[in-house]
Amino acid sequence: MTLFERFQKKDPVALSKFITYVENQSKDYEKFLSRIYPMTGKAYRIGMTGPPGSGKSTLTDKLAQKLSSQDRTVGIIAVDPTSPFTGGALLGDRIRMQALSSVKDVFIRSMASRGSKGGLAKTTKEVILVLDAFGKDYIIIETVGVGQVDLDVVDNCDTTLVVFTPESGDAIQAMKAGLMEIADIFVVNKADREGASNLIYELDSFLDLKRKKDNSFGKCWEYPVISVQATHNIGIDLLWKKIEEHKKFIQDNGIFEKKRKAQIKSEIKKLIENRIKEITEEKVKESFDIENIVEEVLAGKDDPYSASERFLREAKLI
Amino acid sequence: MERKIRVLLAKPGLDGHDRGIKVIASAFRDAGFEVIYTGLRQTPEMIAEAAIQEDVDAIGMSVLSGAHMTLFPVVLNLLREKKAEHILLFGGGIIPEEDIEKLEKMGVGKLFTPGAITSEAIEYLKEEIPKRRKEEKLF
Ligand SMILES: Nc1nc2c(ncn2[C@@H]2O[C@H](COP(=O)(O)OP(=O)(O)OP(=O)(O)O)[C@@H](O)[C@H]2O)c(=O)[nH]1
Ligand SMILES: [Mg+2]
């Protein structure tokens, strides 16, 4: 049996190997993706972001347990940072998801960011497709969690949760980081700790404005703030209810479709851009004596602008 | 792109310290590996399952409890059952010489005893893993 046949028979070893294949962008991985593409589109994607240590993994664990108890299959992608100095990574999100290893139909994959800066890895989007094609009903994506820049998640998820904690400081910080714009649901985790009700109040008063603004467009998503205690499994039911409400909201209002269209569009553009970049790089290597031109520029005989223009013309790229 | 070495580090059994294994995890990361650490108190079933989902090249198991003669073979068998015998199982712990021999004969990789330094394990993995990777028929 080929690996692909095993994938179709829902063999987790094959799923895992194909994820690696896609993650490494190994030879012809695009062919594999185009082959599974018709099998995708059924999974619902939940993004989980928020500051380091806010409880994203713990919450993912609890949500996945809940889903599994309702006979839904779950895929989890947990992204952690790659060290820019050594290229290595310590992927520790599974520590908080131990209970899931004995739960049926939950598949967890840790991914290192590998230099990508938006909170996801470069190929997280493609790994989502692989899990989708494999037949996962829900896919939860945990971002790196460095706050400032974890914005990729919105483009790739249907419902985005941002997890705060009483100690993650004031809501003002979060606003600056752009987290307020990307969340569909606000989660205040570690509600067992002091300061939770304060934070909820702060978030609510900020959101009042946002809620009204959106109202004027005829869309009335409530941007709920949900208080939970992930470690104690408190508040998870309500959180789940809100996720389902949001799912229904975006589906009923055409937002889901719009989002998917935007994703497809940006995907096609990205693929074209990447290919053009590759082709150009090849050409530069082949037929452009860049070292020599650098010397010429330094000597005052050439300049970067004309040199690049000349190259593109000669290579028939423009 | 050069393929990263992925290693799962696990500590089965009930002994409650993870300082040692965390030090190894950091050393592996600094060597450029992607290290998946799953925490304490892992059952063999959990370890094998996680290793498959993460598609690791190797599992490094630390066994200090004296239960190495059961834990290593059990994980090895689980990997075989799950068609994941391509994953290298190596480890460390307080393991007598004759047991090491027996385990290595069963198919366990190198076992490091307390005197060993992490760079030995790093060198070992860097050498061993590329040898074990093989092209597979995809379609
Ligand atoms: N008191 C309290 N602690 C919690 C709660 N939820 C999670 N924690 C603890 O917070 C710590 C961090 O939890 P994680 O789930 O690893 O947080 P994370 O956001 O995934 O962390 P990173 O992935 O490292 O950014 C752990 O020690 C959890 O046990 C909670 O509701 N109350
Ligand atoms: Mg985490």
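The residues lining the largest cavity divide into four nonpolar, four polar and one charged. Here Ala, Val, Leu, Ile, Met, Phe, Trp, Tyr, Cys and Pro count as nonpolar, Asp, Glu, Lys and Arg as charged, and the others, Gly among them, as polar. This is a predicted model: local features need pLDDT of at least 70, side-chain atom pairs count only at pLDDT 80 or more, and totals for chains, interfaces and linings use all residues. Residues are numbered from 1 along each chain as its sequence is written, chains are lettered from A in the order in which they are written, and side-chain values use heavy atoms, without hydrogens and water.

The largest cavity holds about 80 Å³ of space. On a 1 Å grid over the protein atoms alone, a cavity is a set of points where a 1.4 Å probe fits but cannot get out, while a pocket is an open set with protein on both sides within 12 Å along at least five of seven lines; lining residues have an atom within 4 Å of a point. Grid points are joined across faces, edges and corners, and a volume is the space filled by probe spheres set on the points. Both chains line this cavity: A:Arg94 and A:Met97 are among its residues, and so are B:Thr38 and B:Gln42.

The largest pocket has a volume of about 920 Å³. Its lining has 28 residues, and A:Tyr21 and B:Arg3 are among the closest to its centre. Helix 2 of chain A gives the most, with four residues. Helices are DSSP runs of H or I, at least four residues, and strands are runs of E, at least two, numbered from the N terminus. Of the lining, nine residues are nonpolar, five polar and 14 charged.

Now the charged pairs. The whole structure has 40 salt bridges over all chains (a side-chain nitrogen of Lys or Arg within 4 Å of a carboxyl oxygen of Asp or Glu). One joins A:Arg114 to A:Glu23, with the closest N and O atoms 3.7 Å apart. A:Arg114 lies in the loop between strand 4 (106-112) and helix 5 (124-134) of chain A and A:Glu23 in helix 2, so the pair ties together parts 91 residues apart in sequence. A:Glu23 is buried, at 3% relative accessible area (buried is under 20%, exposed over 50%, partly exposed in between, with a 1.4 Å probe and protein chains only). A:Arg114 is partly exposed, at 21%. Both belong to a salt-bridge network that includes A:Arg94 and B:Glu34.
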